[in-house]
Amino acid sequence: MKDSLVLLGRVPAHPDSRCWFLAWNPAGTLLASCGGDRRIRIWGTEGDTWVCKSVLSEGHQRTVRKVAWSPCGNYLASASFDATTCIWKKNQDDFECVTTLEGHENEVKSVAWAPSGNLLATCSRDKSVWVWEVDEEDEYECVSVLNSHTQDVKHVVWHPSQELLASASYDDTVKLYREEEDDWVCFATLEGHESTVWSLAFDPSGQRLASCSDDRTVRIWRQYLPGNEQGVACSGSDPTWKCICTLSGFHSRTIYDVAWCQLTGALATACGDDAIRVFEEDPSSDPQQPTFSLTAHLRQAHSQDVNCVAWNPKEPGLLASCSDDGEVAFWKYHRPEGP
Amino acid sequence: MVQHCGGRMGGGLLGNANLLIYEHTGERPVTAGEEDQQVPDSIDAPEIFDILFLHLTHLIHSINDMEHPLMLEELNVVEQVRVQVSDPDSTVAVPFTPTIPHCSMATLIGLSIKVKLLCCLPQYSAFHICPSHLVNKQLADKERVAAALENTHLLEVVNQCLSACS
């Protein structure tokens, strides 16, 4: 396990500040980082080193908490504590803020693009999740305001292939939403975590969802469709999501992020104990009750809390991480050979 | 470090109030003046209440003009400050109950009470926090604390607390 996660390099992405989040563009050639210095930086490679290609500094008045690339890779959305979401249009190395989405009452905690590219979701400490539609003229319109959570909403993520949205909250739950007629509705609430749920990640198939929490566990949830073979009860035509696995005892502090590699299925976590961990599903385990093994545990990956981990979408094993120490680190993960 | 305190301080009486308990360390050097004048070593409840009342009044008025224009009475924090000094245990208990525990001000109020009393009670440098789960959870949420402190107005007020002690 010692050599399964190897450091490729570090960059002082947000000096004298904290780096909150990272996002790879769909082509896997650029990494966007954002932080407490109110800036977004775009990183690319020049030979073997990572260099800063652009700095987006005029968009927000306060911390930029998350960034997300559109599926086409031409736009970047940024969510800020200043209660707005900026949409940036990419023109080679330049980014221009083309729209600012307003409406949330206070800090925006997350933004995510649906795979179709036509929908965007945002969430906030105001407890709501907003769904926005974007048309061919780059006009954004809020089509739904969802007030299902009872507390601060920390993260939103779209299903990889269905128009299904998931949100994670300070109220200790995960909620799932779909479109019904002309509006969006919450069709499931996943309970089980004992504290704030910080982040979510779907597996490559979209059948399973990983959630990570302040309760120091990762939970894996599985979708059961009506009429499923396992006999799991469903209400009407909605699927039921059940917790099929809990990873506990591995993390000694809050888990801030979880990332599910769409190429290899490996699960990475970012933890408040400064470590990065990788888990892999045991190939012989029962799909209804899977077991995961810890295949990498890198202590002191950063000198402070790790806030985000992100798998490169094109290069298997390439992982980026960022921290309260303001740095971004790049890693190569090799699944360790079995005994 | 957070420790559970319920039974010792008569948790039933205080119910769900947030609680900051200050413990006498017993290490404070005795000055010549104190030896001569028999100045009481321990602080009493009314004195602590006065310190807090003035401090919280200032704090609340300072932050009164931001996102929620709340009045002192609405916040109800000051009214519910009922300080208890326990000589046998050499502890001071400070219950406080913000009526709007989920807003960023509750975090700030909790932090500022802690800072203020740590400065004003040097002989009570060890302390236990037994806050209500609601406030404790906010104080432990670094994203919430970062966002609250980022509001420069609130940061100024916290800095004032700190500089008043130096």
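This is a predicted model: local features need pLDDT of at least 70, side-chain atom pairs count only at pLDDT 80 or more; totals for chains, interfaces and linings use all residues.
**Exercise 1. The area between chain B and chain A**

Solution. In terms of contacts, 14 residues of chain B meet 22 residues of chain A.

**Exercise 2. Polar and charged pairing across the interface**

Task: Determine how many salt bridges and how many residue pairs in polar contact link chain B and chain A, and which elements and residue classes make up the side of chain B that touches chain A.

Solution. Begin with the salt bridges: nine are counted between chain B and chain A. One salt bridge joins the side chains of A:D152 and B:R144, with an N to O distance of 3.2 Å. Of the elements, α7(B) gives the most, with six residues. Sorted by class, the side of chain B that touches chain A has seven charged, four polar and three nonpolar residues.

**Exercise 3. The largest nonpolar core**

Task: Describe the largest nonpolar core, and list the contacts of A:V67 beyond its sequence neighbours.

Solution. The largest nonpolar core has 31 residues. Those with the most contacts inside it are A:L22, A:I40, A:I42, A:V67, A:L76 and A:V328. Strand β2 (residues 19-24) of chain A contributes the largest share of this core, six residues. For A:V67, set aside residues up to four places away in sequence; the residues that A:V67 then touches are A:F21, A:A23, A:A32, A:C34, A:I40, A:L76, A:A77 and A:S78.

**Exercise 4. The surroundings of A:E179**

Task: Locate A:E179 in its strand, decide whether A:E179 is buried, partly exposed or exposed, and name its contacts beyond four places in sequence.

Solution. A:E179 lies in strand β16 (residues 174-180) of chain A. Its relative accessibility is 36%, so A:E179 counts as partly exposed; the cut-offs are under 20% for buried and over 50% for exposed. Leaving aside neighbours within four places in sequence, A:E179 is in contact with A:E163 and A:W184. Finally, A:E179 and A:V306 are 127 residues apart along the chain, and their C-alpha atoms are separated by 35 Å.

Conventions
Residues are numbered from 1 along each chain as its sequence is written. Chains are lettered from A and ligands numbered from 1 in the order in which they are written. Side-chain values use heavy atoms; hydrogens and water are left out. Contact means heavy atoms within 4.5 Å. A salt bridge is a side-chain nitrogen of Lys or Arg within 4 Å of a carboxyl oxygen of Asp or Glu. A polar contact is a pair of N or O atoms within 3.5 Å; within protein, one must be able to donate a hydrogen and the other to accept it, and residues adjacent in sequence count only if both atoms are side-chain atoms. Helices (H or I, at least four residues) and strands (E, at least two) are DSSP runs, numbered from the N terminus. Ala, Val, Leu, Ile, Met, Phe, Trp, Tyr, Cys and Pro count as nonpolar, Asp, Glu, Lys and Arg as charged, and the others, Gly among them, as polar. A nonpolar core is a set of buried Ala, Val, Leu, Ile, Met, Phe, Trp, Tyr and Cys residues joined through side-chain atoms within 4.5 Å. Buried means under 20% relative accessible area, exposed over 50%, partly exposed in between (1.4 Å probe, protein chains only).
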